[in-house]
Amino acid sequence: MAVLSLDEVRARADKDFTRVMDVLSKKIALKSVSAEGITGEHMRRSAEFVAQELRKVGVETRVVQSSNPDGTAGAYEVVGSKIVDADAPTVLLYAHHDVQPVPDPSAWDTEPFAATEVDGRLYGRGSCDDGGGIAIHSGALAILGSDLNVNVKVFIEGEEEMGSPSFIPFIEAHRDEFDSDVIIVADSGNWSPDIPSLTTSLRGNTSVDVTLRVLRHPVHSGQYGGPVLDANTLGAMLVASMYDEHGELVIPGLEAGEPIGGLQRDLDEASLREDASVVDSYEFAGIGSLASRIWSKPSVTVIGWDAQPVDTSFNVIADATRIRLSLRTAPGQRPDEAQRALSDFLLAHAPLGAEVHVTPLDGGMGWAMNPDVEATKDAIEAMRQAFGVDPINKGEGGSIPFIPELQRLFPKAQVLVTGPEDPKSNAHSPNESISLAILRNGIVAEALLLDKLGQ
Ligand code: BES
Ligand code: MN
């Protein structure tokens with residue numbers, strides 16, 4: 001049960017890195033966009049590929065198609081294990097093999113589904129979210145090989161980007177394959193390419209569709225414009241009513257928290273502006289630390305709006321509109337409760353008495369790390385060694401809603417949220433990429449962590 005030295009782990013990682021890059025590049029080429037159909041052949045091929053690659057690093061894997069709560073066929077999931085010693089601790093490695101769509105390839109500087117290396121980063125859809133998670137697990141297992149001293153289970157999900165609809169029935173049907181002492185969820189971010197992080201919290205999320213009607217049918221904008229505002233303008237007034245003059249949400253019942261475990265370091269405004277590609281004249285909305293605004297306070301985004309496209313517009317007053325609002329919730333608030341607060345507010349603020357209806361959509365809970373568990377200390381130490389600097393732990397504004405579900409079903413499991421992202425990764429956007437420094441050091445860190453967990 002030798003503790004592997006840092007030098008040894010690093011040497012093995014360097015030797016294996018070409019293989020890892022090759023696996024990640026092939027994974028990107030598989031175009032595993034779950035929004036194009038979770039049950040599609042392209043998703044099965046992606047799952048089979050991941051299963052085969054994990055087999056090459058010693059994990060017995062299989063592809064299982066899940067079932068949705070209504071009994072219909074669900075995602076292609078990869079499950080597997082490498083059992084070394086019945087008395088050793090068991091670690092579950094999580095990542096997801098589905099990726100976000102590419103609605104506009106012309107917005108990319110490289111071919112989205114052809115892995116392309118530029119200046120220390122590998123570009124491509126899913127290079128980071130979450131092909132990077134799969135690559136890190138694969139690299140760590142390859143390094144440890146027969147020196148692995150923990151039992152490993154793997155779960156590589158096929159529908160994370162769709163909100164994991166069949167997740168609960170799937171785990172309930174495969175309890176043994178998930179039962180573990182430590183769960184490493186490699187689907188989150190780092191402070192920067194040089195500074196690793198353990199994720200301290202994630203926000204929850206939920207959405208609603210708002211329909212607003214002012215007329216029973218569209219009418220001439222010259223004949224009636226003035227007293228009759230169009231549905232889009234009324235919709236804009238409704239959306240604007242959620243904010244005060246600072247751009248701070250004013251919805252009663254939406255909880256706001258402070259960063260979990262105290263604010264280790266606030267986000268730097270200049271870097272945030274640069275990383276998010278904010279235009280120079282824009283001033284950030286909201287109050288409080290930037291970190292709290294992204295990690296632990298709620299936010300609402302209009303992610304869809306049905307309105308007449310400009311090119312086919314003409315002089316008519318729109319009778320109705322439909323708006324989809326995506327709500328990110330504070331890590332500790334139940335999404336259904338937050339959703340009700342939002343709906344109640346919208347219904348109470350119908351501008352000028354327009355008819356407003358709110359249709360609730362799905363939601364998922366946020367998550368906060370338990371800083372006291374032993375595995376957290378091991379993870380921080382492993383990251384410190386691998387990256388050669390002190391980690392800066394951070395919350396994240398994104399959501400991984402199955403984590404609280406997993407925690408509820410396996411209350412004793414210690415959950416660690418790690419991952420391949422950094423502020424320049426452009427997950428979900430054009431020009432997604434992974435930092436090769438994070439990929440390499442992340443592999444070393446996970447190998448060291450698994451080794452420590454086995455002590
Ligand atoms: N990897 C992200 C979660 C994430 C985002 C972590 C940003 C750290 C920073 C994950 O794949 C994701 O995008 N989740 C969805 C969940 C949704 C579909 C329920 C999200 O946050 O929108
Ligand atoms: Mn992800």
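Predicted model: local features only at pLDDT ≥ 70, side-chain atom pairs only at ≥ 80, totals over all residues.
The side chain of His428 places an N or O atom 2.8 Å from an oxygen atom of ligand 1. The side chain of Asp187 has an N or O atom 2.9 Å from a nitrogen atom of the ligand. Taken alone, ligand 1 exposes 510 Å², and the protein buries 86% of that area.

Now take the shell as a whole. It holds 16 residues around ligand 1. The closest are Glu160, Asp187, Arg328, Ser399 and His428. By type, the shell splits into 7 charged, 7 polar and 2 nonpolar residues.

Next, turn to Arg125. Where does Arg125 sit? Its place is in the loop that runs between strand 5 (121-123) and helix 3 (131-144). Is Arg125 buried or exposed? Its relative accessibility is 2%, and the cut-off for buried is under 20%, so Arg125 counts as buried.

The side chain of Arg125 meets two backbone oxygens. The backbone oxygen of Pro101 is reached at 3.1 Å. The backbone oxygen of Gln100 lies 3.1 Å from a polar atom of the Arg125 side chain.

Other contacts come from further along the sequence. Leaving aside neighbours within four places, Arg125 touches residues including Ile28, Val99, Val102, Trp108, Pro112 and Phe113. Asn426, His428, Ser429 and Glu432 are also among its contacts.

How values were computed
Residues numbered from 1 in each chain as written. Chains lettered and ligands numbered in written order. Heavy atoms only, no water. Near = heavy atom within 4 Å. Polar contact = N/O pair within 3.5 Å; in protein donor to acceptor, adjacent residues only side chain to side chain. Areas by Shrake-Rupley, 256 points an atom, 1.4 Å probe, with all protein chains shown as cover. Nonpolar A, V, L, I, M, F, W, Y, C, P; charged D, E, K, R; others polar. Helix = DSSP H or I, 4+ residues; strand = E, 2+ residues; numbered from the N terminus. Buried < 20%, exposed > 50% of the residue type's maximum accessible area, 1.4 Å probe, protein only. Contact = heavy atoms within 4.5 Å.
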